[in-house]
Amino acid sequence: MTALTVKHAGAILVSAAASVSTAAYAVNDLPGGPAVNQLNLHPAVTKIAEELQWLHWFMMAICVLIFLAVFGVMFYSILKHRKSVGHKAANFHESTAVEIAWTIVPFIIVIAMALPATKVVIAQKDTTSADLTIKATGIQWKWGYDYIKGEGEGIGFVSTLDNAQRVMSNNGGPKAGEAPDNYLLKVDNPLVVPVNKKIRVITTANDVIHAFAVPAFGIHQDAIPGFVRDTWFRAEKIGDYYGQCAKICGKEHSYMPIHVKVVSAQEYSAWVAVKANEAAAKADDPSKVWTLVDLKSRGEKVYAANCAACHQVNGKGAGPVKPLDGSAIVLDADHGKQINILLNGALGGAMPSWKALSDTDIAAAITYSKNNWSNQTGQIVQPAEVQLGRGKPI
């Protein structure tokens, strides 16, 4: 290899390293979420998280001390009592004092570790006297939130990864210098809770095992189909906090973020009022007859928020997700087939149930799919048909 070639190769490597470095450090620390080159745990904003971090370092200190003591004595003995300096091996069988010591000392160490740990575990499981109870339902691959007790009771919505960031990821990720600080953590509907209130979170799942985890709160609770688990937190600082589904739940596991927005009591009350108005606006009269244009317009929004993540914007699907473009069920004049799938799910949960959506939203999404891409059927599904479908057996 010539000197010139070596020089060019070196220049290329330096350029590549600079490019990687620029891309890697194009984002800033995300308050309430991951930090650039983060080595430590997330800054705690709850008492439980503080206790967990204290336990982490307490246990670490004990382990380091044990390591230093055991290996210190071992290496000291190896060096000072080696044969090359004239030492001879001792000939003994047992020492009652040593046996008592290595039984009592570990017992004391275990008790010293167990007592504070047990105290924290008990506190973690005490979900009584909550100010607000929220059910978090894991769905491939999004979260459904239902406020079931306390201020905001009756509010429910689905939280999905921001579609613009999903498209960015599908295109190979953000370009160098263009990565947002909250890349793959931004959602369309964050979970909103008031500061300094005890929030009980009930977890379950529609399909496979998920896990609701927010490091800044010190919570991590599995969400298991057919089971109900719970955890709690009391955030002491206003801000935005991020987590992820902490179980490998399928091909889009990494596209299932959690965004919790902690606000003041006044802001929370205002948010509840807005959500109540939105719910009232969505409670359309199922007997209303819609035009094709209006249903398609509404259906496009419903599809983008709830369906595009799996079936893709182009309706082609991906992997085990079946395409809607050209689908026999979508093209079928029997609307009941598609209505039944949206209401009750299909394929053993691979296609989740969308009963939480209103009759009008489901009718709009179906009408959109029947009149988009190559599916120009001209068919219209009215909300009354969906309402009738809800009353039919599965």
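The questions and answers below go through some features of a predicted model.

The model is predicted, so local features need pLDDT of at least 70 and side-chain atom pairs count only at pLDDT 80 or more, while totals for chains, interfaces and linings use all residues. Residues are numbered from 1 along each chain as its sequence is written, and side-chain values use heavy atoms, with hydrogens and water left out.

Me: How many aromatic pairs are there?
Reply: Rings of Phe, Tyr and Trp (its six-membered ring) pair if their centres lie within 6.5 Å; planes under 30 degrees apart are stacked, over 60 edge-to-face, and the rest tilted. Counted by this rule, the aromatic pairs come to 15.

Me: Of what kind is the aromatic pair of Phe-157 and Trp-271?
Reply: A pair of aromatic rings is described by the distance of the centres and the angle of the planes. For Phe-157 and Trp-271 these are 6.2 Å and 80°, and the pair is edge-to-face.

Me: How many residues apart are Phe-157 and Trp-271?
Reply: Helices (H or I, at least four residues) and strands (E, at least two) are DSSP runs, numbered from the N terminus. Phe-157 is in strand β3 (residues 156-159) and Trp-271 in helix α5 (residues 265-282). The pair links distant parts of the chain, and its residues are apart by 114.

Me: Is Trp-271 buried or exposed?
Reply: Buried means under 20% relative accessible area, exposed over 50%, and partly exposed in between (1.4 Å probe, protein chains only). Trp-271 has a relative accessibility of 16%, so Trp-271 counts as buried.

Me: Which strand is joined to β4 by four bridges?
Reply: Two strands pair if DSSP finds at least two bridges between them. In β4 (residues 191-194), Leu-191 and Val-193 on one side and Val-192 and Pro-194 on the other are all buried. Pro-194 has Val-263 as its bridge partner. The strand that runs parallel to β4 and is joined to it by four bridges is β10 (residues 257-263).

Me: Which ring does the charged end of Lys-288 sit over?
Reply: A charge sits over a ring if NZ of Lys or CZ of Arg is within 6 Å of the ring centre and within 35 degrees of the ring normal. The charged end of Lys-288 is 4.2 Å from the centre of the ring in question, which belongs to Trp-290.

Me: What separates the C-alpha atoms of Asp-126 and Thr-231?
Reply: Asp-126 is found in the loop between α3 (96-125) and β1 (132-139). Asp-126 and Thr-231 are 105 residues apart along the chain, and their C-alpha atoms are separated by 8.0 Å.
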